[in-house]
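Have the structure open while you go through them.

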Amino acid sequence: MAELFLTPFALPFMARALLVLAVLGVAAGTVGVLVNLRGWEFTSDGLVHAVFPGVAIGFVFGGATGLFAGAMIAALVAAVLLTMVTRRAATSDAAIAIVLTAMFSVGIIVVSRQSNYAGQLEALLFGRVLTISADEVLHTLLICAGAVLLLLLTLKEQVFRAFDPNGNSAAGYRPFLLDLVLNLAIALVVVAASSAVGNLLVLAVLIVPAALARLLSDRLVLLFPLAALAAILAAWVGLSISFAGSLRGGVNLPAGATVVAVLVLGYVVALAVRLGIDRSRPRPDSTPAGGA
């Protein structure tokens, strides 16, 4: 057991991968809880795809270093744009879908003009967590710290707005500013995760840990650490399985996708347990045996 879950991380590239995914898990878990409370999963999906053109342009013209710069610019623009769209458009879901498809198609067009189209597109969509450099680790740490800091500075107001948006406005808080801060935090997580798990898998890392935490506890104070812990454990187990399968089992298991699969499996197990517990509880309107 120790050989499966501990030995691989003696290798530098495996240790870097686990560190990046652990830090990403803390940031994504924190941001994801507020996304879950606000019901912003579709908005997050829009941001994930809207950041993709910046990721693509930065990666194509600047390599791994340019990826973060291009993604950061796209993230800022996308966060402001989607915040305005969702507040002003008559049908915000349709507006988000339009922005989502338009921006994602731009990214595909940019990448398709390169000679190594398939290889570059695969790296951007599915990540390359096992080949992350030390500089990229530092970039990810700084970006994740920025996302968490944004939310910590406005956490009380964000939670208030999630549970009582009308009361939040009546208390004098600025809804547009709070929405913009949350969108910026989501966008930063997307930027940080793009190099590790890729654009298509970012949403799972952002959404699933928070959803899993909601199954495990109803206490708000526990949701944040539970979501972060779920993401970190999934990273550890997923990387271990990917390493063992690819090296010893002869089965090619992409690291990022394996981590996401473990995370989703954890959610399914937690959901099954929660449903079983709920069904075993007596219904409030049931009449006790021997009652009138």
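**Notes on the helices, salt bridges and spaces**

1. Let me start with Asp 179, which counts as buried at 4% relative accessibility; buried here means under 20% relative accessible area, exposed over 50%, and partly exposed in between (1.4 Å probe, protein chains only). Asp 179 forms a salt bridge with Arg 38, with 2.9 Å between the closest N and O atoms. A salt bridge is a side-chain nitrogen of Lys or Arg within 4 Å of a carboxyl oxygen of Asp or Glu. Asp 179 sits in helix H9 (residues 175-194) and Arg 38 in helix H2, so the pair ties together parts that are 141 residues apart in sequence. Arg 38 counts as buried too, at 17% relative accessibility.

2. Some housekeeping before going on. This is a predicted model, in which local features need pLDDT of at least 70 and side-chain atom pairs count only at pLDDT 80 or more, while totals for chains, interfaces and linings use all residues. Residues are numbered from 1 along each chain as its sequence is written, and side-chain values use heavy atoms, with hydrogens and water left out.

3. On the fold: the chain has 12 helices and zero strands. Helices (H or I, at least four residues) and strands (E, at least two) are DSSP runs, numbered from the N terminus. Of the 292 residues in the chain, buried ones make up 50%.

4. Back to the charges. Side chains of opposite charge can pair when their charged atoms come close. The count comes to five salt bridges. Another one is between Arg 274 and Asp 218, whose closest N and O atoms are 3.7 Å apart. That pair links distant parts of the chain, with Arg 274 in helix H12 and Asp 218 in the loop between helix H10 (199-216) and H11, 56 residues apart. Arg 274 is partly exposed, with a relative accessible area of 21%, whereas Asp 218 is exposed at 67%.

5. Arg 274 has a further partner: its side chain meets that of Asp 278 in a salt bridge (3.6 Å, N to O). Both residues lie in helix H12, four residues apart, about one turn of the helix. Asp 278 counts as partly exposed, at 35% relative accessibility. Elsewhere, salt bridges that share partners join Arg 38, Arg 161 and Asp 179 into one network.

6. Val 264, Leu 265, Val 268, Val 269, Val 273 and Ile 277 form a nonpolar patch with about 490 Å² of accessible area together. Patches are made of residues with over 30% relative accessible area and no salt bridge, joining like charges within 9 Å and nonpolar side chains (Val, Leu, Ile, Met, Phe, Trp, Tyr) within 5 Å; the areas come from the Shrake-Rupley method with a 1.4 Å probe, and for residues only the protein chains shown count as cover. Val 264 has its place in helix H12 (residues 255-280) and is partly exposed, with a relative accessible area of 35%.

7. For contrast, look at Thr 258, also in helix H12. Thr 258 is buried, with a relative accessible area of 12%. Its C-alpha atom is separated by 8.9 Å from that of Val 237, which is 21 residues away along the chain.

8. Which residues line the largest cavity? They are Leu 21, Leu 24, Gly 25, Val 197, Val 205, Ala 231, Ala 235, Val 259 and Leu 263. A cavity is a set of points on a 1 Å grid over the protein atoms alone where a 1.4 Å probe fits but cannot get out, and lining residues have an atom within 4 Å of a point. About 70 Å³ of space lies in this cavity. Helix H2 (12-38), helix H11 (220-247) and H12 each supply at least two lining residues, and the largest share, three residues, comes from H2.

9. Finally, the largest pocket holds about 260 Å³ of space. Of the 14 residues that line it, the closest to its centre are Phe 126, Gly 127, Arg 128, Pro 254 and Ala 255. A pocket is an open set of grid points with protein on both sides within 12 Å along at least five of seven lines; points are joined across faces, edges and corners, and a volume is the space filled by probe spheres set on them. Helix H5 (117-126) and H12 each supply at least two residues of the pocket lining.
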